[in-house]
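Visitor: Hey, can we go through this one together? I'm new to reading structures.
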Amino acid sequence: MSTDRIEKRVVLRAPRSRVWRAISDAKEFGTWFRISLDGPFAAGKTVRGSHGSFKVDIQVERIEPERYFSYRWHPYPKDPAVDYSAEPMTLVEFTLEEAEGGTALTIVESGFDRVPLARRAEAFRMNTEGWGGQIKNLERYVS
Amino acid sequence: MSHSRSAALQANDAVPVFTALADATRLRLLGRLSVDGPLSIARLSEGTGVTRQAITRHLDALGRVGLVRDARRGRERVFSLDAKRLDMARQYLDRVAAQWDAAAARLKAFVEGED
C-alpha cells in the first residue's frame with residue numbers, strides 16, 4: 001500500500017459544467033470546502049484560504065476547463081502556529097469525466113512521502129487514545 | 001489492515017509498549033530515530049550524557065516491543081523505527097483521506113442539491 005498518495009473517486013449527479021464550476025470557482029470551492037479564499041483561481045497564482053485562525057496557501061498549478069484542476073499546498077495538519085513554508089507541499093488533482101448519470105470526479109493528493117514524519121505524527125494531536133497518546137509524548141521530545 | 005493491527009496494539013499489546021516508553025531517554029531515542037534515523041549506537045549516544053552500553057540496553061528494550069529494529073552495518077549496529085513508522089504514515093493517510101471523504105460528500109451535496 002502506498003503511503004505517498006490518496007485517491008478518491010465519486011460520481012456526482014450533476015453535469016460536468018456544474019461540477020467544474022464548483023471546483024474551479026474559488027467562491028464555490030470555498031463554500032463546500034469550508035474555507036474563504038482571497039481571490040480567484042488562476043494557473044501559477046497563489047490564493048490564500050482561511051477558516052478562523054486556520055490559514056492555507058493554495059498554489060494553483062494547472063487548469064484545463066471542465067477536465068482538470070490542480071494545486072499544491074501544505075497538507076494536514078495545518079497548525080496556524082507553525083511556519084510550513086520550507087516544507088515540501090503535496091499536489092492535489094481534481095479530474096472530471098463523463099459518467100453514467102452525471103460526472104465522475106477523481107481527487108488525488110500525492111507527495112506525502114516527502115512530508116516529514118514528525119509533521120505527519122502531529123495529525124495525532126487530536127487523538128488522545130491509544131497510539132495517539134504515545135505519539136503525542138514522542139512529539140514533545142522531537143520538537 | 002493497519003487498523004486491526006493498531007486495534008490489537010491498543011488492547012493487549014499496549015502495556016509492554018507503554019512500559020518500554022516510560023523513560024525519557026527512550027522517548028528521546030525514538031524522537032531522534034523518527035527524524036534522523038536510521039542511526040548507529042555511536043550517533044545515538046552523542047550528546048546524551050549516557051553511556052553507549054546504557055543506550056544499547058534502552059534500544060534493546062525498544063526492540064523487544066517492536067518499536068525499533070537493528071541491522072548490522074560493518075561492525076556497527078544501526079537502529080531504525082520499526083513497522084510503527086509505516087503504521088503512523090498509513091494512519092496519517094487514513095486521516096487525510098477521511099478529510100477528503102467529508103469534503104467530497106459536501107461537494108456532492110453542493111452540486112446535487114440545486115436541481
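Guide: Strands (E, at least two residues) and helices (H or I, at least four) are DSSP runs, numbered from the N terminus. This is a predicted model, where local features need pLDDT of at least 70, side-chain atom pairs count only at pLDDT 80 or more, and totals for chains, interfaces and linings use all residues. Residues are numbered from 1 along each chain as its sequence is written, while chains are lettered from A and ligands numbered from 1 in the order in which they are written.

Visitor: OK, what is the bridge partner of B:Ala71 in β3(B)?
Guide: That's B:Val78. β2(B) and β3 (residues 76-81) of chain B run antiparallel, joined by 6 bridges.

Visitor: And what packs on that sheet?
Guide: Helix α3 (residues 24-36) of chain B does, touching β1, β2 and β3 of chain B. Touching rests on contacts, meaning C-beta atoms, placed from the backbone, within 7 Å.

Visitor: What's the strand order in the chain B sheet?
Guide: β1-β3-β2, in an open sheet of 3 strands with antiparallel pairing. β1 (39-40) and β2 (68-73) of chain B each have a single partner strand, so one side of each has no neighbour in the sheet.

Visitor: Switching to chain A: how many helices and strands?
Guide: Chain A has 4 helices and 7 strands, in the pattern β-α-α-β-β-β-β-β-β-α-α along the sequence.

Methods: Pairing = 2+ DSSP bridges. Contact = placed C-beta atoms within 7 Å. Axes fitted to C-alpha atoms, helices over the stretch in contact; angles between N-to-C directions.
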